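Open the model in your viewer and keep the selection tool to hand. The stops below are meant to be taken in order.

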Amino acid sequence: MASLKIQSKHAAPTEIAADVLAVGVVATGKKGDFGPAVAALDEALEGALGKAIAKEEFTAKRGQSVEVQTLGRIEASVVVLHGLGEAEALKGDGIRTFAAKAARSAQASKATTLALVVPEVLEKASRTIGEGLELGVYRFTKYFTGDRVPKSSLEKVTVVPATKPTAEWKKQLELGQKIGAAINHTRDLGNEPPNTLFPASYAEIAAKMCKENGIECKVFDFKEIQRRGMKLIQAVGQGSVNEPRFVHMTYTPTKKAKKKIVLIGKGITFDSGGLSIKPAPGMGDMKSDMSGAGNLIGFMQAIAALEPAVEVHAIAPLAENMPDGKAYRPGDIWGSFDGKTVEIVNTDAEGRLLLADALAYARALQPDLLIDNATLTGACVVALGANCSAFYATTDEAAAAFQKAVEAAGENMWRMPLLEDLRDQVKSDVADVKQAGDRMGGSITAALFLREFIGDQKHWIHVDIAGPAFADKAFGWSPKGATGHGVLTFLALVEQAAG
Ligand code: BES
Ligand code: MN
Ligand code: ZN
């Protein structure tokens, strides 16, 4: 992907040359008052902007926009006003969405240069702006040929803050772009087809990213997975010619670590359902069933840029879930890394099996906080819709810390209960645990199953990202397709732990 050049310049909006001049406008409630930048532009455009504002009934409500051709009256060719809503309600996600939408729509209109005029209230938000711009230009175009190859992309953005930017402001803008690029890396993996992204190729991508960023990376091949007794990963993966892998990445800070955090991600590179095969419609979307593991790549890449004083581990169990003569079956009873036996009832509930072995492996690291994230259940999407994740926590303390990170990142996640009443559903007549319960409360029973494998780990968070990981339409700063949802929250959590 062509890389975006982001710079900043303190100048009058009327004097900035760009294909598109995007102006963030805060709603003041005072009729006709859209701040000094809009007033100056309207004057230079001889009232054309004011007319468009009136015609479109633009009130600077969040998400509203209005566009005017400048016809040579100022340096920029097009002016677009983006409504940001009221200043008090404007949080990180609103700013990130503004930057992303401005970049995305400028690129869609074939602009190669964009100027982003930032109102005074956004002064401190340079990191979020950098994130948004980079996230906004994301496209997955790798497999296009001929006419389908985009002829242009947004190349240069000039951020125009209301006051002169400091060195720290510029540094944060740069850092934001690095975080955006890391999340785009995650998106690339979620969009990559399953014939090219399978456990072994994921492991290679992880190893490369780690090498480039000074992160330690261990990869267990299928033999090693079996030797170590990761029987549930074996069960899920043995029905495919693409053998399972297990990846363990470690970031060690140069400063003394204040905390140790472990993040696990489900890495099913394709989920056919196995012998309990899925219906054909939508099966192709199950290429993104490795989104939890995909998140780890962007997460660790960003961690390397942020350099927090926290020891961070990222663990990805990887397998392809396929029907085959060797595939595991409903009715099977398998052992596990933990030692507990599991009765298999549905080979399409494969993710929790991978996670069970990964949780049992990870808890031995004795982290302050153990987290897993996974596209785990359709039931979760039914409960919370396509744009919101569920999270479960064993302690209110962990939940409060996580909730704070969710708010700082501006992602949609909602706490769900580990209802003890439903525990009977994962009890088995023939083994220690049953793999799945009935349809009712399916996201909760999946979480209860996982909890069986955390041993005496106190603080544990499980995040079900089945809805937002892969989108059928653009939402906020996320494009259609793989979103990288979750990475920003996990980063915020680590930064919080660093103090
Ligand atoms: N990967 C799916 C869950 C999923 C569904 C993710 C929709 C994203 C969108 C998971 O492996 C699965 O198939 N879960 C089953 C569990 C059931 C068989 C107990 C489900 O949700 O139907
Ligand atoms: Mn499945
Ligand atoms: Zn799955």
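The tour goes from a pair of helices to one glutamine and then to a ligand.

This is a predicted model, in which local features need pLDDT of at least 70 and side-chain atom pairs count only at pLDDT 80 or more, while totals for chains, interfaces and linings use all residues. Residues are numbered from 1 along each chain as written, chains are lettered from A and ligands numbered from 1 in the order written, and side-chain values use heavy atoms, without hydrogens and water.

**Stop 1: two helices**

Select residues 199-213, helix α6, and residues 291-306, helix α9. Helices here are DSSP runs of H or I, at least four residues, numbered from the N terminus. Their axes (lines fitted to C-alpha atoms over the stretch in contact) are 10 Å apart, at an angle of about 5°. Because angles under 35 degrees count as roughly parallel, α6 is roughly parallel to α9.

Now show side chains. On α6, pick Y202, A206, M209 and N213; they meet A293, G294, L296, I297, M300, Q301 and A304 of α9, with contact meaning heavy atoms within 4.5 Å. By class, this contact has 8 nonpolar, 3 polar and no charged residues; Gly counts as polar.

**Stop 2: Q301**

Stay on α9 and centre on Q301. The Q301 side chain makes a polar contact of 2.6 Å with that of H185 (a pair of N or O atoms within 3.5 Å, one able to donate a hydrogen and the other to accept it). Beyond neighbours within four places in sequence, Q301 also touches residues including A181, A182 and M209.

**Stop 3: ligand 1**

Which residues come nearest to ligand 1? Of the 14 around it (a heavy atom within 4 Å), they are K278, D289, D348, E350 and G378. A polar side-chain atom of D289 lies 2.9 Å from a nitrogen atom of ligand 1.

Note on methods. Axes are lines fitted to C-alpha atoms, for helices over the stretch in contact, and angles run from 0 to 180 degrees between N-to-C directions. Angles under 35 degrees count as roughly parallel, over 145 as roughly antiparallel, 65 to 115 as roughly perpendicular and the rest as oblique.
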